[in-house]
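Colleague: I would like to learn how to read a model like this one. Please take me through it feature by feature.

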Amino acid sequence: MEKHFDINADGYSVRCKLFAQKDARTYARVVICTHGYGGSKDRANIAKFAEKETAKYKTDAVIAFDWPCHGQDARKKLVLPECMEYLTLVVDHAKNALQAQDVFIYSVSFGGYLTLKYIAEIGNPFTKIALRCPGIRMYDLMRANVSEDDWKKIEKGKDVLIGMERKMKVDKQLFDDVAASDVRRYEYFDCADDMMILHGTADTTVPIEDSKTFAENNVITFIPVDGADHPFRDPKLMDFAIHTIIEFFAPEA
């Protein structure tokens, strides 16, 4: 069962999709899935994960949502604090509306960076956290996607359009905020036992060494996936990643 819904609160409208075996009012366990930069809640890999998660744990639900300026979201300008607001609203929905006793999160790339920022700066509401190819050096990754001409405009205080499937406005404040929220400056020892990072050895978008070093520094389980690129295009390698995360999310005996 798939159901689209919006969370409307505090002036925001978060576009969400819920996956579950059956339509119920409450779910004891909810997994939040977050997509990467330029992606959306409608990515095939999210649907595949949700299908396998809810088949394995038939009373679980999975919620995917669009980050600001992504997918069907109505916002036009990417603002970092609004990303935190969106994740807060989704977590609150899982805990309050769905009455989840355990909330998990599976985040990819840009979503992985935002999840780490959230945990460090706002708090950790998650029972377990799985990250795939997280953007550890997010400022450098974003800066690399801006042309020199556009960067000159940004430095002059102007907005520029960047993006993949859809364009979004960005400005110097966004880059300043990302630089200030460098997740390498934080420690994650308190939640390290409940966190896992997977990263492909053939990832040419986000260097695997970033994840490896970050995991080592925080004593987080790190799993290199031989031959996997950034989006895990090889179906067998994606299946391996999904299986590994689902097992990691298994209920404790």
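The dialogue below goes through the sheet, the helices, the cores and the salt bridges.

Modeller: Ground rules come before features. This is a predicted model, so local features need pLDDT of at least 70 and side-chain atom pairs count only at pLDDT 80 or more, while totals for chains, interfaces and linings use all residues. Residues are numbered from 1 along each chain as its sequence is written, and side-chain values use heavy atoms, with hydrogens and water left out.

Colleague: Start with the sheet. In what order do the eight strands lie?

Modeller: First the terms. Strands (E, at least two residues) and helices (H or I, at least four) are DSSP runs, numbered from the N terminus. Two strands pair if DSSP finds at least two bridges between them. Here the order is E1-E2-E4-E3-E5-E6-E9-E10. The sheet is open, and its pairing is mixed.

Colleague: Which strands stand at the edges?

Modeller: E1 and E10 (221–225) do. Each has a single partner strand, so one side of each is left without a neighbour in the sheet. The twist averages 20° from one strand to the next. Such angles use axes, lines fitted to C-alpha atoms (for helices over the stretch in contact), and run from 0 to 180 degrees between N-to-C directions.

Colleague: Why is E2 described as largely enclosed by the rest of the structure?

Modeller: Look at accessibility. Buried means under 20% relative accessible area, exposed over 50%, and partly exposed in between, with a 1.4 Å probe and protein chains only. Seven of the nine residues of E2 (residues 12–20) are buried, so the strand is largely enclosed.

Colleague: Now helices. How do I check the span of H3?

Modeller: The expected span is 1.5 Å times one less than the number of residues. H3 (residues 110–121) has twelve residues and should span 16 Å; its end C-alpha atoms are 16 Å apart, which agrees. H3 is mostly covered, with ten of its twelve residues buried. Among them are Phe 110, Tyr 113, Lys 117 and Ile 119. Just after H3, Gly 123 takes a positive phi of about 140°.

Colleague: Which strands do H7 and H8 lie across?

Modeller: Contact here means heavy atoms within 4.5 Å. H7 (residues 208–218) lies across E9 and E10, at about 155° to E9. H8 (residues 235–248) lies across E5 (102–108), E6, E9 and E10, at about 175° to E9.

Colleague: What about the nonpolar cores?

Modeller: A nonpolar core is a set of buried Ala, Val, Leu, Ile, Met, Phe, Trp, Tyr and Cys residues joined through side-chain atoms within 4.5 Å. The largest has 63 residues; Phe 65, Phe 126 and Met 195 are among those that touch the most other members. Helix H2 (residues 80–97) gives the most to this core, with nine residues. A second, separate core of 28 residues includes Phe 19, Ile 46, Met 196 and Phe 232.

Colleague: What does Phe 126 touch?

Modeller: Leave out residues up to four places away in sequence. Its contacts then include Ile 32, Leu 87, Val 91, Phe 104 and Tyr 118.

Colleague: How many salt bridges does the structure hold?

Modeller: A salt bridge is a side-chain nitrogen of Lys or Arg within 4 Å of a carboxyl oxygen of Asp or Glu. The structure holds 21. In one of them, Asp 140 and Arg 137 have their closest N and O atoms 2.8 Å apart. Asp 140 is partly exposed, at 37% relative accessible area. Arg 137, at 24%, also counts as partly exposed. Arg 143 meets Glu 148 at 3.1 Å, N to O. Arg 143 counts as buried, at 18%.

Colleague: Which residues form a network?

Modeller: Glu 2, Lys 17, Lys 41, Asp 42 and Asp 66 are linked by salt bridges.
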